[in-house]
Amino acid sequence: MAFLRLNGVTIPVSAKRGSSRIQEQSARTRSHAGDYRTNVITENRKYEFSTTPLTEMEALAFEGLINGDGDILTFDDTIATSKGIVPALVLGVTADVSFHSTVPTGFSGKSGRVDDEGELYDLGIGSVKPNQDLTINLWTNPSATDPSYIAYLFNFSDGAAIYKNTANAYRTTDGKLNFNVSASDASSDTNKTSHLEIADPFDGNFKMLTFVVRRNAESGEYNQYMYVNAALQAFATTAHTPTPSAWNEWCIGSDGTTANEWAQMMDDFQILPYAATSALITGWYNFGQNVGLHPKLKMDGDVTRDSIVNVIGRVTERKFLHASGATKQILKFELVETA
């Protein structure tokens with residue numbers, strides 16, 4: 001196994017920079033045959049590491065992961081996100097969500113099925129910034145049977161118009177999976193819009209779907225990516241990316257209407273304010289279990305002797321260097337064990 005993983009993602013740490021120490025310890029002292037003996041009940045450790053040099057996209061993604069940025073819907077008998085945000089009313093009614101014991105292999109808890117108008121969240125306040133990247137990662141299990149209508153996985157927008165400043169994913173009546181993004185000044189469904197479409201990937205088994213927006217792509221990168229089970233299926237270069245900080249309608253399981261609901265089970269629906277790299281996406285897919293509840297992370301690897309430990313992470317310093325003709329970043333970070 002890797003030396004250090006967070007939520008299944010291998011963190012590229014420097015062999016020259018790392019430490020672990022006991023930060024808290026609870027103990028009890030007892031007397032036995034006149035002698036005092038101390039039993040350690042719990043220990044709380046703090047770990048400090050530095051990464052190897054990273055590109056800007058890698059640094060932003062690893063920093064977001066380590067800091068526990070973003071939010072997640074577990075659907076474990078709750079419609080609240082891991083950070084306590086609950087959906088608003090859609091068309092004057094509460095979302096119709098049912099919970100099911102069918103989950104991806106290795107997962108625990110429940111999955112959720114959203115019907116009718118979908119779940120409408122106000123995730124934008126305090127969670128997104130102007131000009132930031134975006135990743136949506138989730139598991140879902142539609143059958144191979146094509147829907148009889150356009151079924152929306154999610155539709156994020158500022159509510160001004162369905163074609164304007166949006167990011168949405170949907171399945172068409174021929175089963176194809178689509179991922180659209182549009183600029184804040186788009187004037188129609190085709191104006192200033194980038195559209196990815198792939199053949200029907202569904203067969204009734206849970207698939208992990210990942211949708212990525214990289215606003216300021218550098219050399220060798222793209223602005224829009226779509227993955228199925230961690231395999232890149234489609235990508236595009238476009239100047240027409242949305243502005244997430246202006247979104248006030250984050251609709252999950254529908255486009256916000258009564259006719260276009262996803263109506264399939266979903267699990268571990270993550271909304272992340274960074275562009276996940278293929279390394280992160282592969283790590284999530286191969287982890288074989290639920291990820292941590294943001295901002296908590298599941299840490300394992302050689303550093304924990306392969307056991308799972310819950311931690312809270314924080315990037316404490318960024319260092320910049322010029323290497324291989326490009327500017328790279330080194331992240332110094334700490335991880336503190338938690339319940």
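Let's start with Phe156. It is buried, with a relative accessible area of 0%. Keep in mind that this is a predicted model.

Who sits across from Phe156? Trp250 counts as buried too, at 0% relative accessibility.

Now the geometry. A pair of aromatic rings is described by the distance of the centres and the angle of the planes. For Phe156 and Trp250, the centres are 4.9 Å apart and the planes stand at 45°.

Ring pairs link Phe156 and Trp250 into a cluster with Phe154, Phe179, Phe211, Trp247 and Phe269.

Next, the whole structure. How many aromatic pairs does it hold? The count is 17. One of them is Trp139 with Tyr285, and that pair is stacked. Its centres are 5.9 Å apart, with 15° between the planes.

Here a strand meets a helix. Trp139 belongs to strand 9, residues 134-140, and Tyr285 to helix 2, residues 278-287. So this pair ties together parts that are 146 residues apart in sequence.

Buried or exposed? Trp139 is buried, with a relative accessible area of 9%. Tyr285 counts as partly exposed, at 30% relative accessibility.

Notes
Residues numbered from 1 in each chain as written. Predicted model: local features only at pLDDT ≥ 70, side-chain atom pairs only at ≥ 80, totals over all residues. Heavy atoms only, no water. Phe/Tyr/Trp six-rings, centres within 6.5 Å; stacked < 30°, edge-to-face > 60°. Helix = DSSP H or I, 4+ residues; strand = E, 2+ residues; numbered from the N terminus. Buried < 20%, exposed > 50% of the residue type's maximum accessible area, 1.4 Å probe, protein only.
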